[in-house]
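We will go stop by stop, with something to pick at each one.

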Amino acid sequence: MSPLLAAEGLTKSFGGIRALDACSFEIAEGSVSALIGPNGSGKTTAFNVITGYQPADAGRLTFRDRAVRRPDPCRLQRLGLARTFQQARVFPGLSVLENVVLGRNQPWHALLRGRVPGTDRRRAEDLLDEFGLAAHAGVPAGRLSYGQRKLLEFASVLMAEPVLVLLDEPTAGINPIMVKTMEDHIRQRHALGITFLIVEHEMKFVMRLCDPVIVLDRGRPIACAAPEEVQNDPRVLDAYLGD
Amino acid sequence: MDAGLELRGIVAGYGQGDILRGLDLDMPAGQITCLIGPNGSGKSTVLRVISGLLAPREGRVRLAGKNVTGWSPRAMLTHGVAHVPQERSLFPAMSVWDNVLMGAYISSDGDAVERRAAEIAQRFPIVARRRHDLAGSLSGGEQKTVEIARTMMLDPPVLCFDEPSAGLEPRALRTVFGILAELSSDGRTILLVEQNARSGLAIAHNGAVLDAGIVRLAAPAAELLDSPDVGRLYLGAS
């Protein structure tokens, strides 16, 4: 079976620093894959290049058996690929419900007139219910706690009914209870058929949730294996602990 | 110099969240203690608590046996605790010399500051060699060396370094770590927070591994270098 997403030879430099160095990996449909690595190993750059937020210098990307020649966030979202960010990006002045509604591309005139299709509104309300945010539906998103904003961002990307969701450090800066909540939501959505690729530093979270675990070091994968295998791989230990 | 540092039961964080959750850490006088741990484990927060940038919600900080919990950064600096941050902190549009003089900004004795700067220039030759150059024109390793030189203007007995190896190429890293070892041989107490765990432990007397806001392992640095438990903590093995 062909992979859902294939990155081949992705290369990206910033000045003299090669953040991605002919980086290749594949994401199988139905997996919860992790992308880990020490600071500066290229994880977020890989996300940015795959999702079209930064252009690659070289390399090829295939998603759902289609070559993605110039990745563009909006086009990719329509194709079924969505992402979140390390720092949750929400519209603080819009209500929580409006934030979720905007997760699906809306015609501009619908937004201006506040006329969002009823089906979208109901779907957004269902998502808020699922993520425990229904009580805050009318509240400006800026008033939510940081952890709640992360959940809101996750709920918002689900509005577009993606098949692959890239989560960039979903547990960063949130308390242990919220980490468990986040994990539960990922598991539930995975059970419903969504494939995940997760960049994360919280290793216990990664090791109990993800398989395979792809390890980047200096812009290229050094391991791609089951959690236990990665934990015992001396190359991975060298990458994390230094030479 | 008998300026050991001791942290007991430190709870600290930002906003409503706790990053440090009852941390105990000993930094014996005159030795290098290397604090390592995965991202987000709270290493930089420990430094902020020690240097007074973050007041702990609970716990005690003791310097040479004296309770200094919650003291301001200025008070800590006056009592000999200096903090070298991770990010580049030189003023790039000022000369190297002026940057070094800034290290003694709390001193009002201009002559003493000039004398001390001359001593620093002897100890750190780059300060003399590049004194008129803009600090922003130096390489990363040179900037880190000048930062350390600047910190030494007040001759602090306690030095806290936040990831001094960050962004340095291997040769510059060896230079900077060599300087740390020299400062330690003067009898200074050094806390070294380091992402490059093996390099940091290699020059340290003691090591501690932080995970989720508490010290999980503390031992002589040489023991930690060989301990498989360190890798397990980094990679989330139970």
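Predicted model: local features only at pLDDT ≥ 70, side-chain atom pairs only at ≥ 80, totals over all residues.

**Stop 1: a sheet in chain B**

Now widen the selection to the two strands, β1(B) and β2(B), which are paired antiparallel through eight bridges.

Which strand does β1(B) pair with through five bridges? Select residues 58-63 of chain B to find β4, which runs antiparallel to β1, residues 5-14 of chain B. One pair to pick here is B:L7 with its bridge partner B:V61 in β4(B).

Carry on to residues 66-67 of chain B, strand β5, which is joined to β4(B) by two bridges in an antiparallel arrangement. Click on B:L63 and you will find B:K66 of β5(B) opposite. The hairpin formed by β4(B) and β5(B) has two residues between its strands, and B:A64 there has a positive phi near 50°.

Now show the four strands together: they make an open sheet of chain B in the order β2-β1-β4-β5, with antiparallel pairing. At the edges are β2 (17-27) and β5 of chain B, each of which pairs on one side only.

**Stop 2: chain B as a whole**

Zoom out and colour chain B by secondary structure to see its ten helices and ten strands. The radius of gyration of chain B is 18 Å, close to the 18 Å that the globule rule gives for 238 residues, so chain B is as compact as a globular protein of that length. Along the principal axes, its C-alpha trace spans about 55 × 35 × 35 Å. Of the 238 residues in chain B, 46% count as buried. Among contacts in chain B with a separation of 6 or more, 68% are between residues 24 or more positions apart.

**Stop 3**

Most residues other than glycine have a negative phi, and most peptide bonds are trans. Select B:E163, where phi is positive, near 45°. This residue sits in the loop between β7 (158-162) and α7 (170-185) of chain B. Is B:E163 buried or exposed? B:E163 is buried, because 21 other C-beta atoms lie within 10 Å.

Move to chain A and select A:E161, which has a positive phi near 50°. Its loop runs between α6 (146-158) and β7 (164-168) of chain A. A:E161 counts as partly exposed, because it has 13 C-beta neighbours inside 10 Å.

Then pick A:D211 and A:P212, which are joined by a cis peptide bond with omega about 10°. You will find A:P212 in the loop between α8 and β9 (213-217) of chain A.

**Stop 4: domains and the contact**

Colour chain A by domain: domain 1 covers 5-89 + 162-241, and domain 2 covers 91-143. Their C-alpha centres are 27 Å apart.

Finally, show both chains where they meet: 16 residues from chain A and 15 residues from chain B take part in the contact. On the side of chain A, α8 (203-209) and α10 (234-241) are the elements that give two or more residues. That side has eight nonpolar, five polar and three charged residues.

Methods: Residues numbered from 1 in each chain as written. Chains lettered and ligands numbered in written order. Pairing = 2+ DSSP bridges. Domains from an automatic or database assignment. Contact = placed C-beta atoms within 7 Å. Nonpolar A, V, L, I, M, F, W, Y, C, P; charged D, E, K, R; others polar. Rg over C-alpha atoms; globule rule 2.2 N^0.38 Å. Buried ≥ 20, exposed ≤ 12 C-beta atoms within 10 Å, placed from the backbone.
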